[in-house]
Amino acid sequence: MLQRYTAPLLAFLIHMSCFAQTGVLNSSEMLPPGSIFVQRVMADVSVLDTTIQGQNVAWDFTAITPLTSQQPYNNEVMLPASTPHPTTFPDANYVLYETEIPGYSYFSLTSTSHSRVGGWSTQASIYSDPQIEMLFPMSYGVNSLDTWDNNLSGTGGTYQFACIGTGSLELPGHTYADVLMV
């Protein structure tokens, strides 16, 4: 499971390096609807060294290799009206469609946060307590521990993130500057 979710993290890191001002990501810099990005599952997550923390650091993740038994798949950022279930999630204004699942993740994107309000793969998952997945402006030291609950969970849960570094990210074939490690 961790391997599947590490790829979106890298996509997020790369996205920030392309759009964010140095060391800061604002909600207005999130990928716009219509954006498509390719996701790959990693063969080995042990090459990700998250102990390298701080400001102006360098991450060398050139040893990352894709899991060759699984094909890459597309993710698309959408508006709720472009999905089959827009009225099920009235608080959503931002959607991520993952073709591998296939499934839709519905979010409320504001100037201060990016919160999961629902999802749909085989049925609706409606959050009575949204899951805060990012705070804006995102910068070094920003962190959150949030509780969430939805209709498919008996107990809800917690979601935690921390922005642990700023710097450069080296991947096979390219180095990205002005990256946030979240």
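## Aromatic pairs, a salt bridge and a covered strand

Both Tyr 127 and Trp 148 are buried, a term for residues with under 20% relative accessible area, while exposed means over 50% and partly exposed lies in between (1.4 Å probe, protein chains only). The model you see above is predicted, so local features need pLDDT of at least 70 and side-chain atom pairs count only at pLDDT 80 or more, whereas totals for chains, interfaces and linings use all residues. Residues are numbered from 1 along each chain as its sequence is written, and side-chain values use heavy atoms, with hydrogens and water left out.

Let's start with the rings. A pair of aromatic rings is described by the distance of the centres and the angle of the planes. Rings of Phe, Tyr and Trp (its six-membered ring) pair if their centres lie within 6.5 Å; planes under 30 degrees apart count as stacked, over 60 as edge-to-face and the rest as tilted. This rule gives four aromatic pairs, including these two:

| Pair | Centre distance | Plane angle | Class |
|---|---|---|---|
| Tyr 104 and Tyr 106 | 6.3 Å | 35 degrees | tilted |
| Tyr 127 and Trp 148 | 5.7 Å | 45 degrees | tilted |

The pair of Tyr 127 and Trp 148 links distant parts of the chain, 21 residues apart: Tyr 127 belongs to strand β8 (residues 124–135) and Trp 148 to strand β10 (residues 143–150). Strands (E, at least two residues) are DSSP runs, numbered from the N terminus. Tyr 104 and Tyr 106 are both buried, and together with Phe 89 and Tyr 97 they form one aromatic cluster.

Tyr 97 brings us to strand β5 (residues 94–98). Five of its five residues are buried, so β5 is largely enclosed by the rest of the structure. In a regular strand the side chains alternate between the two faces of the sheet. Both faces of β5 are covered, with Tyr 94, Leu 96 and Glu 98 buried on one side and Val 95 and Tyr 97 on the other.

What about its neighbours? Two strands pair if DSSP finds at least two bridges between them. Strand β4 (residues 73–78) runs antiparallel to β5 and is joined to it by four bridges; here Glu 76 has Tyr 97 as its bridge partner. Five bridges pair β5 with strand β6 (residues 103–109), again in the antiparallel sense, and Val 95 stands opposite Tyr 106. A hairpin of four residues joins β5 to β6.

Finally, there is one salt bridge in the structure, meaning a side-chain nitrogen of Lys or Arg within 4 Å of a carboxyl oxygen of Asp or Glu. The partners are Glu 133 and Arg 116, at 2.6 Å from N to O. Glu 133 lies in β8 and Arg 116 in strand β7 (residues 113–120), so the pair ties together parts that are 17 residues apart in sequence. With 11% relative accessibility, Glu 133 counts as buried.
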